[in-house]
Amino acid sequence: NALLQAKADKEARHKDGYTALMLAALAGKVDTLNALLQAGADKDARDENGRTVLMNAAYDGKVEIAKVLMQSGTGGVDELMTAARDNYHSEASSNNEVMSIRAASTLLKAGADGVTALLTLARQDDTRDLKRLIKAGVDKVKDAQGRTVLMRAVELTSASGDNGEMALKALKTLLAAGADITLQDNEGKTAQEHAALLAADSGDG
């Protein structure tokens, strides 16, 4: 805060390429982070690896920091998809998947929209990256009605034209990636029961 009051350059880069906001996030200093955000620090700035402050916080497992950043309007869906696709190390490494899963899990705990991220990847037939998110527990995230991404995909299959076809493709990809089929919504219905009800309604029509 003293640095801010002295009108220090909030976008100045540390020798490692980090801004003050990035350093505050990595150090877990919520008060400093909030002060920098209120002073207009660039939350979309990227480090030398091309990662934003939110992505670095996610890789470091800092849930509270990620919450503050998302509440400031930083996002979450794009970062979840980045976590699924990104290789933390530029070279092939068994640690890449571990880091991706940790980042995704951190973002989910901070409130990122896992349903949208999963559906987007599923529509793209991206089974490998879906598996990373599912290992992080994205398929278990529920909306206000208790619906999982699998249930949402089932419901969307009833849409006409390309939308319905894309939803069916997403549903198949989610199942292939191992999405949990046993979860229930607020009314106690599983994705399979939603599918049966949908089929019955279609038959009645």
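Reply: What follows is a walk around helix H9 and its two contacts. The model is predicted.

Start with the helix itself. H9 covers residues 127-135. Helix H7, residues 95-109, is one partner. The axes of H7 and H9 come within 8 Å and cross at roughly 60°. Angles from 65 to 115 degrees count as roughly perpendicular. The H7 and H9 pair is therefore oblique. Their crossing is right-handed.

Now the residues. H7 brings Asn96, Glu97, Ser100, Ile101 and Ala104 to this contact. H9 answers with Arg132, Leu133 and Lys135. By class, the contact of H7 with H9 holds three nonpolar, two polar and three charged residues.

Next, helix H6, residues 77-85. Its axis and that of H9 are 8 Å apart, at an angle of about 110°. H6 and H9 are therefore roughly perpendicular to each other. On the H6 side, the contact uses Leu80, Ala83, Ala84 and Arg85. On the H9 side, it uses Arg128, Asp129, Arg132 and Leu133. This contact divides into four nonpolar and four charged residues, with no polar ones.

Leu133 leads on to the core. The largest nonpolar core has 54 residues. Leu80 and Leu133 are among those with the most contacts inside it. Leu33, Leu69, Leu118 and Leu174 are listed with them.

Technical notes
Residues are numbered from 1 along each chain as its sequence is written. This is a predicted model: local features need pLDDT of at least 70, side-chain atom pairs count only at pLDDT 80 or more; totals for chains, interfaces and linings use all residues. Side-chain values use heavy atoms; hydrogens and water are left out. A nonpolar core is a set of buried Ala, Val, Leu, Ile, Met, Phe, Trp, Tyr and Cys residues joined through side-chain atoms within 4.5 Å. Buried means under 20% relative accessible area, exposed over 50%, partly exposed in between (1.4 Å probe, protein chains only). Axes are lines fitted to C-alpha atoms, for helices over the stretch in contact, and angles run from 0 to 180 degrees between N-to-C directions. Helices (H or I, at least four residues) and strands (E, at least two) are DSSP runs, numbered from the N terminus. Angles under 35 degrees count as roughly parallel, over 145 as roughly antiparallel, 65 to 115 as roughly perpendicular and the rest as oblique. A crossing is left-handed if the near helix is turned anticlockwise from the far one by less than a right angle, and right-handed if clockwise. Contact means heavy atoms within 4.5 Å. Ala, Val, Leu, Ile, Met, Phe, Trp, Tyr, Cys and Pro count as nonpolar, Asp, Glu, Lys and Arg as charged, and the others, Gly among them, as polar.
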